[in-house]
Amino acid sequence: MPRVTDPAAPRIALVGATGVVGTTLLQLIEERGFRYRDLHLVASARSAGREVAVEGRTYQVQDLDGFDFSQADVAFFSAGARVSTTFVPKAVAQGTLVIDNTSAFRMDPDTPLVVPQVNAHVLGTRPVSGVIANPNCSTIPLVRLLGPVQERWGIRQAVVSTYQAASGAGYSGIEELHAGARTVLEDPESAGVSGTFTPSLAFDVIPSIDRLLDDGFTFEEQKMLQESRKILGLPHLDVTTTCVRVPVVNSHSEAAWIECHNPVERDELVDLLAGQPEVTVHDPRTTDSFPTPRTAGDPNRVHVGRIRVAGHNPRGFWLWIVADNVRIGAALNALQIAEALTERGAL
């Protein structure tokens with residue numbers, strides 16, 4: 001059982017405990033047996049007072065506004081960038097190490113941006129900022145595959161199109177997709193349901209996620225460029241992206257064209273990716289299928305298929321990537337950061 005009396009086990013605060021990432025993080029803490037001494041569930045005033053069962057114990061959700069972070073050794077923040085911008089500094093000031101799942105501190109030079117399978121070496125010491133940032137949901141599976149490719153062949157450029165699920169916008173996004181689908185099925189001329197997504201996501205795709213920037217790219221696309229560079233330690237890496245919202249409930253997909261400095265041999269590439277931790281390769285050598293959001297399998301692994309080295313350019317190849325954006329792209333990566341800190345005695 002994860003809850004223990006060991007005084008060395010951390011006390012946890014989970015901000016955003018009632019959201020889709022917070023709920024999944026609680027599931028993962030139980031599934032992976034992450035040991036903790038005490039647990040505080042924290043959320044906005046709207047959710048405060050709700051009761052949540054964890055390991056057979058009932059916890060009352062506490063109001064973020066009045067929460068005393070000195071009760072926690074580590075706090076997971078999953079309540080949006082504006083909440084993190086306001087409350088993370090208060091938590092750090094009270095001595096809590098923060099693992100932040102928002103964009104608020106990712107590009108802060110004093111804050112490490114971590115995917116444990118790629119750059120866990122930066123977790124040896126407590127960061128100056130008191131914050132460790134969790135990357136964007138589409139960046140995490142991409143860099144987990146780019147890392148070994150960079151080491152073997154060197155990467156010249158990555159061109160990526162994402163196909164991002166409704167769950168990336170939380171429970172409200174999932175509920176709106178369901179409601180929109182019902183509405184359009186009943187009346188095909190209906191404009192559907194929009195609010196979280198504009199226009200309505202049901203039976204449509206939306207080539208714009210997050211706010212539009214002055215250069216015509218979106219903030220979501222900018223995040224994938226900046227975060228990939230920081231995690232891989234390649235400040236001049238050329239990554240360009242088109243991020244698209246699609247009417248899928250959960251799990252993001254990506255089509256990635258990777259061009260290397262040196263020619264790539266396909267069998268070696270397949271073996272290299274298959275040898276990465278928590279990566280499943282769907283390849284004709286072993287299976288006749290390819291991963292999709294509904295059929296990929298284990299949600300705690302990155303799934304990759306359609307691996308094609310270009311005949312006209314042996315330095316370039318395509319990957320089709322599928323990963324559970326709530327687990328791989330958010331909650332699981334955050335928990336694996338905490339696990340890595342514990343293994344290093346830094347938590």
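Let's start with a rule: a disulfide is a pair of cysteine sulfur atoms within 2.5 Å. By that rule, this structure holds zero disulfides. Cys-137 is a case in point: the nearest cysteine sulfur belongs to Cys-243 and is 8.5 Å away. Cys-137 also counts as buried, at 17% relative accessibility, where buried means under 20% relative accessible area, exposed over 50% and partly exposed in between, with a 1.4 Å probe and protein chains only. Cys-260 is buried as well, with a relative accessible area of 1%.

Before going on, keep in mind that this is a predicted model, in which local features need pLDDT of at least 70 and side-chain atom pairs count only at pLDDT 80 or more, while totals for chains, interfaces and linings use all residues. Residues are numbered from 1 along each chain as its sequence is written, and side-chain values use heavy atoms, with hydrogens and water left out.

Now for the inside. A nonpolar core here is a set of buried Ala, Val, Leu, Ile, Met, Phe, Trp, Tyr and Cys residues joined through side-chain atoms within 4.5 Å. The largest one has 72 residues, and Leu-41, Val-149 and Ile-258 have the most contacts inside it. Helix 8 gives this core its largest share, 10 residues. There is also a second, separate core of 15 residues, with Val-15, Ala-72, Val-88 and Phe-105 among them. Look around Val-149 and you'll find that it touches, among others, Ile-258, Cys-260 and Phe-317, leaving aside residues up to four places away in sequence; a contact means heavy atoms within 4.5 Å.

Last, the rings. Rings of Phe, Tyr and Trp (its six-membered ring) pair if their centres lie within 6.5 Å; planes under 30 degrees apart are stacked, over 60 edge-to-face, and the rest tilted. That gives four aromatic pairs. Phe-67 and Phe-69 have ring centres 4.9 Å apart and planes at 90°, so they are edge-to-face. Phe-69 and Phe-77, at 5.7 Å and 20°, are stacked.

Key: Helices (H or I, at least four residues) and strands (E, at least two) are DSSP runs, numbered from the N terminus.
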